[in-house]
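Here is a short tour of the model for you to follow alongside the sequence. Please have a look at it first, and then we can walk through a few of its parts together.

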Amino acid sequence: MTANPNTVAALAQRAWRIRRFALRMGEVQGQGYIGQALGWADVLAVAYGHALNLRPAEPEWEGRDRFLLSHGHYAIAHYAALIEAGIIPESELDTYGSDDSRLPMSGMATYTPGMEISGGSLGQGLAIGVGIALGLKHKKNPAFVYNSMSDGELDEGSTWEAAMGASHHGLGNLICLVDINNQQADGPSGKVLGFEPLADKWAAFGWHVQRVDGNDLSAVLKAFDAARQLREPKPRVILFDTLMGKGVPFLESREKNHFIRVDPPEWQQALAILDQSQPEGALA
Amino acid sequence: MNTTVAPKKPRLTTSAMIASIAGEDQRVKAAPFGKTLVEYAANRPEVVGLTADLAKYTDLHLFAQAYPERFFQMGMAEQLLMAAAGGMAKEGCIPFATTYAAFGTRRAFDFIHQVIAEENLNVKICCALPGLTTGYGPSHAAIEDIAMMRGVPGLTIVDPCDALDIEQAVPQIAAHPGPVYMRLLRGQVPLVLDKYDYRFELGKAKLLRDGVDVLIIASGFMTMRALESAAALADDNVSVAVLHCPTIKPLDEATIVEAVCAKPRLVVVAENHSVVGGLGEAVASALLRHRVMPAGFQLAGLPDAFLDAGALPTLHERYGISTEALATRIKGWLQ
């Protein structure tokens with residue numbers, strides 16, 4: 001299966017815009033998990049630009065695919081994707097993280113259209129996803145549930161309770177997306193609490209497993225398609241190896257840290273660098 | 001009502017996990033929760049049941065047998081249980097999630113807090129072995145479950161007394177839009193309240209008997225013990241009123257204040273729960289805020305301690321929540 005080059009080019013434009021929206025939100029508050037947002041933008045571009053069945057004007061449309069943001073601190077990335085998808089107006093970007101904004105720093109279902117759950121207490125999303133997937137099957141609703149999570153959440157026992165439950169109940173409508181950027185609060189994930197061999201672990205739990213470069217749009221696209229098209233009634237996980245800060249070289253190479261520090265003038269510098277790498281046809 | 005009488009058995013002397021709180025010759029009904037839920041769910045396909053490997057021991061097995069397609073076994077995974085129940089509620093189901101109170105509240109607290117309560121999801125958490133209703137000791141006894149659940153915003157808390165309370169509470173908590181934590185008595189459950197002019201109403205406290213010397217405010221099976229103590233104390237010319245308060249949150253403060261103000265009496269709050277954070281402290285707070293000072297105020301709850309393993313009659317006597325111990329404590333407080 002070869003990804004259509006036109007599709008990949010269009011997704012590159014979406015990913016570029018998602019990165020740009022995230023940087024602009026980071027500039028508003030002078031902070032935010034921008035390293036993760038830049039690293040995860042390609043996956044979000046494929047999710048919202050290709051895979052998810054959505055009606056942007058009806059964020060609660062019954063037939064929509066559910067996308068759960070388990071790692072609530074990725075909200076800055078998620079809002080950027082929701083803006084790109086037309087669910088949140090771009091004009092709200094300037095309210096990011098401000099009092100009474102619909103875009104709080106950590107994602108919450110009760111605040112934001114298109115935000116399905118209140119994540120942030122890490123390790124809950126996949127277990128909620130099991131319930132939503134069971135509920136959809138109970139209603140005979142063919143929608144998919146996507147759970148977006150960080151590699152740090154692999155430390156949580158509840159993630160593995162959910163992995164067992166999803167497999168036991170044959171939840172072929174559940175797709176788990178794991179961002180493996182190998183950074184969590186106290187350092188490299190592998191050193192905080194080693195989780196390899198990760199693909200083997202998920203496979204042993206009864207999941208269909210793919211591991212791909214999460215910043216290779218063509219590979220990401222193919223992985224999403226394979227996960228959706230699998231016939232077997234088993235849950236699917238895609239393990240995405242990503243690079244924090246992707247698209248802004250001085251952030252890519254900055255000493256790796258869970259919370260990348262960005263000094264005030266650097267937001268404009270990052271935007272300027274990103275603009276120089278604008279894919280053909282993308283609009284700022 | 002179909003009732004049976006608990007067979008005469010020698011007094012338990014073992015620290016069994018599951019022991020009936022029914023006394024000798026006590027009228028009982030079997031599995032009121034499971035039976036009522038089966039009946040309620042008959043024409044309501046949105047009602048689903050989930051458990052964490054404790055269907056048989058929470059009477060949910062009856063629901064599983066009646067509606068296998070609506071029963072979801074989550075395994076011994078309480079975090080998954082609560083989160084999955086929340087997820088199903090998001091899709092329009094009315095999930096009844098069962099386990100033991102110790103595991104449901106202590107092990108899965110953050111999942112109740114964040115997944116279920118924060119989004120006001122329509123999950124009914126029904127937990128067996130509340131308070132001191134197991135002989136296993138602190139691993140299984142949940143003497144702080146109400147304290148933990150009271151701290152969760154928007155969560156309704158119900159502590160039923162007997163089979164009648166449970167039968168009448170199930171449809172009402174199901175119809176209540178929002179999360180509920182209900183303490184569950186399972187197996188052979190005493191039947192007491194049918195002898196009174198009483199109906200369970202979610203959010204309401206009800207006066208079961210009046211008296212001039214003492215007002216016992218009670219929830220759960222301690223209402224049964226309070227009624228028995230009141231009868232015993234009457235023989236000693238002590239007149240005891242009993243106010244049953246099965247909804248712990250939101251608390252029926254108006255009825256409680258009215259009852260306390262009605263006569264100058266010793267007020268005793270009797271609960272199958274630690275004296276920390278339960279009905280007793282909730283009542284005390286309500287009375288202070290309403291500037292009501294009773295003639296006396298005492299807590300007949302469980303001590304703030306890790307309680308012993310043992311047979312329930314032994315333990316209830318030891319910790320002051322048996323009928324006799326409660327009556328003795330009240331007489332002491334009156335002196």
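## Terms and numbering

Two strands count as paired if DSSP finds at least two bridges between them. The strands themselves (E, at least two residues) and the helices (H or I, at least four residues) are DSSP runs, numbered from the N terminus.

This is a predicted model, in which local features need pLDDT of at least 70 and side-chain atom pairs count only at pLDDT 80 or more, while totals for chains, interfaces and linings use all residues. Residues are numbered from 1 along each chain as its sequence is written, and chains are lettered from A and ligands numbered from 1 in the order in which they are written.

Let's begin with strand 5 of chain A, residues 236–241. Of its 6 residues, 5 are buried (20 or more other C-beta atoms within 10 Å of the residue's own, with C-beta atoms placed from the backbone; exposed is 12 or fewer, partly exposed in between).

Strand 3 of chain A (residues 174–180) pairs with strand 5 in the parallel sense over 6 bridges, and here Leu177(A) stands opposite Ile238(A). Strand 4 of chain A (residues 208–213) also runs parallel to strand 5, joined to it by 6 bridges. In strand 5, Arg236(A) is the residue opposite His208(A). Between strands 4 and 5 of chain A the chain passes through helix 8 (residues 217–229), making a right-handed β-α-β crossover; right-handed means that, with the strands pointing away from the viewer, the path from the first strand over the helix to the second runs clockwise.

## An open sheet in chain B

Chain B has an open sheet of 7 strands in the order 4-3-5-6-8-7-13, with mixed pairing. Which strands stand at its edges? They are strand 4 (71–73) and strand 13 (247–249) of chain B; each has a single partner strand, so one side of each is left without a neighbour in the sheet.

Within chain B, strand 7 (residues 156–158) and strand 8 (residues 180–184) run parallel and share 3 bridges. Ile157(B) has Tyr181(B) in strand 8 as its bridge partner.

## Where the chains meet

Finally, 21 residues of chain A are in contact with 22 residues of chain B (C-beta atoms, placed from the backbone, within 7 Å). On the chain A side, helix 4 (125–139) and helix 5 (157–168) each supply at least two residues. Helix 4 of chain A gives the most, with 11 residues.

Note on methods:
Two residues are in contact if their C-beta atoms, placed from the backbone, lie within 7 Å.
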